[in-house]
Amino acid sequence: MKVAIAEDGALFREGLVLLLEAAGHEVVGCVGDGDSLFGIVSTTDVDVAILDIRMPPEPDGGLTTAARIRAAKPDVGLLLLSHYAETHYLMKTLEIGAERIGYRLKERVAGVQVLADTLDRIAAGEIVIEPVLAKRLVQNPSERTDSPLAKLTERELDVLRLMAEGRSNAAIAKELFVSVKVVEKHIASVFAKLGLPADQTMHHRRVLAVLTYLRASKIDG
Amino acid sequence: MPGYALVFSAREGRLPRLLRVPTSETTTFRYELERRLHDEVAVGMSAIAAQLDLVAVASADPDLDDKIGSVRATLCRVVEHVRDVGKSVFPPVLGGTDFSAALTAIADHRDVKLQLDLPSYELHAQARARVGLLVCDHLNTLSPGTVVRVRVRGRRLVRVRITENPDHVEHKGRARVARP
């Protein structure tokens with residue numbers, strides 16, 4: 001996979017290059033700001049671009065650059081990195097695109113295996129959401145018993161959390177050691193209990209529906 | 001001209017409590033402090049996490065792998081603490097232009113239910129930062145699940161009114177922030 005990086009922290013940028021090379025990927029560009037990355041992506045063949053959210057141009061150069069890249073080169077996958085697990089950044093990321101895009105924490109993705117897995121999923125067209133953030137979204141706010149989330153069983157909450165991470169049915173089944181059929185049954189139950197539209201055949205539409213619902217439930221209670 | 005700000009808050013049956021909105025200088029200091037925590041501490045620790053993983057990958061010793069895995073997990077927890085401190089010093093979302101989304105995100109972290117009533121016009125960056133810090137500092141004192149209404153009005157002088165649990169009128173606040 002051909003990868004381009006924009007990260008203004010030199011030490012972390014060098015670490016990313018080493019991790020990518022260890023994972024067998026080719027780093028075709030490595031810069032410290034969004035404008036330089038856009039120049040690389042415009043002129044070079046890139047499969048996935050990795051962007052720090054907080055980099056020049058300030059304040060959130062990663063987000064503005066990702067939007068420019070998606071508009072100019074929609075086939076390029078985008079992985080946005082941050083030190084903050086913010087639903088604010090998540091929603092901004094999803095406004096840029098709902099396919100071939102990811103948002104992860106820097107320290108969590110700083111490993112060969114997890115970085116390779118994240119890039120593979122993005123290149124395959126998936127949305128990849130930081131598990132820490134997905135977990136927080138799924139947590140029942142203030143343990144409220146009147147929250148629709150309180151109606152879900154523990155296993156259904158696990159399925160919801162993995163859906164919010166952008167996992168496919170097969171990946172959820174593998175994670176929970178159950179069959180895909182069982183996962184489908186849990187998903188149907190979750191959607192019914194939360195009042196979400198049942199027809200979510202497109203994977204990215206399902207992830208968006210789940211994240212939008214969870215985000216709204218956090219705000220409105 | 002340096003701005004000044006006052007917050008009057010009162011509980012039922014008590015005299016108003018005086019709180020202060022951060023000055024422009026304090027706001028700048030807190031912003032720079034958070035940037036240093038982010039750029040120098042957190043990013044540096046993430047780089048160390050990456051280096052540790054590379055050592056583990058290069059090693060053929062499963063025991064060493066386990067030890068490195070344990071150290072990386074500890075490192076991630078420490079980064080989490082640094083992140084929490086950074087967010088309290090200056091929430092990074094306040095640096096953006098979407099003030100409503102920023103305040104909502106701050107409330108989100110505290111598990112506080114926020115009802116926002118913002119002006120239709122955009123506040124200038126300094127006012128956004130100062131009012132944002134005022135609201136953030138106040139939300140940090142509240143229990144999870146609290147419902148808070150924040151009303152912001154004014155152009156030259158920005159007035160902020162914070163009401164806790166509006167249905168029960170348990171707590172009210174009002175602030176005035178002079179434009180710098």
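Asp63(B) is situated in helix 2 of chain B, residues 62–89, where helices (H or I, at least four residues) and strands (E, at least two) are DSSP runs numbered from the N terminus. The model is predicted, so that local features need pLDDT of at least 70 and side-chain atom pairs count only at pLDDT 80 or more, whereas totals for chains, interfaces and linings use all residues. Residues are numbered from 1 along each chain as its sequence is written, chains are lettered from A and ligands numbered from 1 in the order in which they are written, and side-chain values use heavy atoms, with hydrogens and water left out.

For chain B, the mean pLDDT (the predictor's confidence in each residue, from 0 to 100) is 82, and 81% of the residues reach 70 or more. Over residues 1–16 of chain B, pLDDT stays under 50.

Across all chains, 24 salt bridges were found, each defined as a side-chain nitrogen of Lys or Arg within 4 Å of a carboxyl oxygen of Asp or Glu. In one of these, Glu130(A) pairs with Arg104(A), with the closest N and O atoms 3.1 Å apart. This pair links distant parts of the chain, 26 residues apart: Glu130(A) lies in the loop between strand 6 (127–129) and helix 7 (131–138), and Arg104(A) in strand 5 (residues 101–105).

Two backbone features were also identified in chain A. Pro56(A) and Pro57(A) are joined by a cis peptide bond with omega of about -5°; Pro57(A) belongs to the loop between strand 3 (48–52) and helix 3 (61–72).

Note on methods
Contact = heavy atoms within 4.5 Å.
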